Amino acid sequence: MPHIAPHTPATPTDAVHLDHSVEQLLSGLQWQGFDLHVGQYCGPWTASTAGHQRASFHLVLQGHCHLHRPGLPSVHLGPRDGVFLLQDQPHHLSPRPTPDTPRQPSPAMQSLRDVTEAGTGLACGFFEFKGAYSQLLLGTLPAQLVVRAGSAPANQLDALFTLLLAEAHQSPYPALQGDSPVARRLIELIFFQVLRQHARSQAAQGLWSLVSEPALLPLLEALMRQPELDWTADTMARHVHMSRARFFRVFTQACGQSPAQFLASLRMQLAARQIDRGANLARTAQAVGYQSYAAFSRTFKKVMGQHPGGYQQRDPARLLTAIRDA
């Protein structure tokens with residue numbers, strides 16, 4: 001599981017360019033949190049958000065607990081640590097370092113207004129993303145991200161946790177936090193700080209890794225906005241005002257892929273997103289720059305692991321939508 005490492009100082013100029021690039025990418029994500037619960041557990045307890053087919057999170061506001069996942073080492077979470085589970089996966093939290101059998105039912109969450117030293121204060125809930133680049137950006141992230149206290153510069157995360165805890169103290173009922181726009185926004189900001197730190201780390205890949213080279217950001221935005229254009233190595237190099245040789249060198253060093261490989265992957269992820277929305281396959285191929293459906297199908301199979309038709313038929317309802325719109 002990737003951990004957000006302590007911040008490594010960079011030069012002021014590099015940090016400014018990097019943060020600007022990351023913010024450009026994050027602007028394509030529209031975070032939506034729901035079913036938010038903030039409170040504390042006391043005594044023997046277990047908690048889990050698994051089994052709902054949703055992304056979820058657990059943030060520790062006070063106390064300690066452990067994250068348990070089948071077949072994996074337990075992860076200790078202390079005050080102002082947290083985990084964002086970007087995919088639904090079996091797991092549970094408990095105060096014990098060894099896995100417990102999840103309690104059914106688990107003790108009810110209590111208000112943080114009545115704080116006890118033995119209690120564990122948590123903010124838990126589900127979230128999803130909308131926006132033009134959501135699936136592309138999230139598809140390059142690991143299944144879970146762990147954030148550690150003090151992992152962001154200037155104690156930004158610490159300040160957000162302080163505000164979240166203060167907001168929780170104002171409500172006598174944990175369930176009411178689901179209606180708190182302030183709590184939702186604070187958790188959104190915590191997640192974006194986690195993504196910013198991930199983009200700065202060596203673990204970042206694909207789209208995120210390109211933000212380490214600000215000169216390439218205009219090209220990235222253009223490729224996502226107009227994937228149907230006849231993008232060649234020469235046109236991409238001209239777009240960022242580089243020679244072809246320098247462009248290849250800068251791009252491959254930043255991304256770990258050739259421009260052609262990255263473009264094919266980007267186009268197929270965009271195509272998959274359109275297919276998920278019920279788009280016609282032939283029109284989808286043209287929308288991402290393929291006049292030949294056979295060539296599109298071959299590339300889609302290579303990148304996504306199956307042909308477009310097979311990908312579409314994963315969901316019968318989606319297939320009916322595509323037939324209706326054909």
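**Notes on the predicted model**

1. The open sheet of five strands is ordered β1-β7-β2-β5-β8, with antiparallel pairing. Its edges are β1 (30-41) and β8 (144-147); each has a single partner strand, so one side of each lacks a neighbour in the sheet. From one strand to the next the twist averages 15°. Strands (E, at least two residues) and helices (H or I, at least four) are DSSP runs numbered from the N terminus, and two strands count as paired if DSSP finds at least two bridges between them.

2. This is a predicted model: local features need pLDDT of at least 70, side-chain atom pairs count only at pLDDT 80 or more, and totals for chains, interfaces and linings use all residues. Residues are numbered from 1 along each chain as its sequence is written, and side-chain values use heavy atoms, with hydrogens and water left out.

3. Ser56 has Leu85 of β5 opposite.

4. Helix α3 (residues 156-169) lies across β1, β2, β7 (120-130) and β8, and runs at about 85° to β2. Axes are lines fitted to C-alpha atoms, for helices over the stretch in contact (heavy atoms within 4.5 Å); angles between N-to-C directions run from 0 to 180 degrees.

5. Another open sheet has three strands in the order β4-β3-β6, again with antiparallel pairing. β4 (75-77) and β6 (92-94) are at the edges with a single partner strand each, so one side of each is without a neighbour in the sheet. Here the twist averages 30° from one strand to the next. Three bridges pair β3 (residues 65-68) with β4 in the antiparallel sense, and His66 stands opposite His76 in β4.

6. How do helices α6 and α9 pack? The axes of α6 (residues 217-225) and α9 (residues 259-276) are 10 Å apart, at an angle of about 40°. Leu220, Leu223 and Met224 of α6 meet Phe262, Leu263, Leu266 and Leu270 of α9. By class, this contact has seven nonpolar, no polar and no charged residues; Ala, Val, Leu, Ile, Met, Phe, Trp, Tyr, Cys and Pro count as nonpolar, Asp, Glu, Lys and Arg as charged, and the others, Gly among them, as polar.

7. Confidence: pLDDT, the predictor's confidence in each residue from 0 to 100, averages 79 over the chain, and 74% of the residues score at least 70. Residues 1-14 have a pLDDT below 50, with 27 contacts in the model beyond near neighbours in sequence. Residues 316-326 are also below 50, with 16 such contacts. Where pLDDT is low, the predicted coordinates should not be read in detail.
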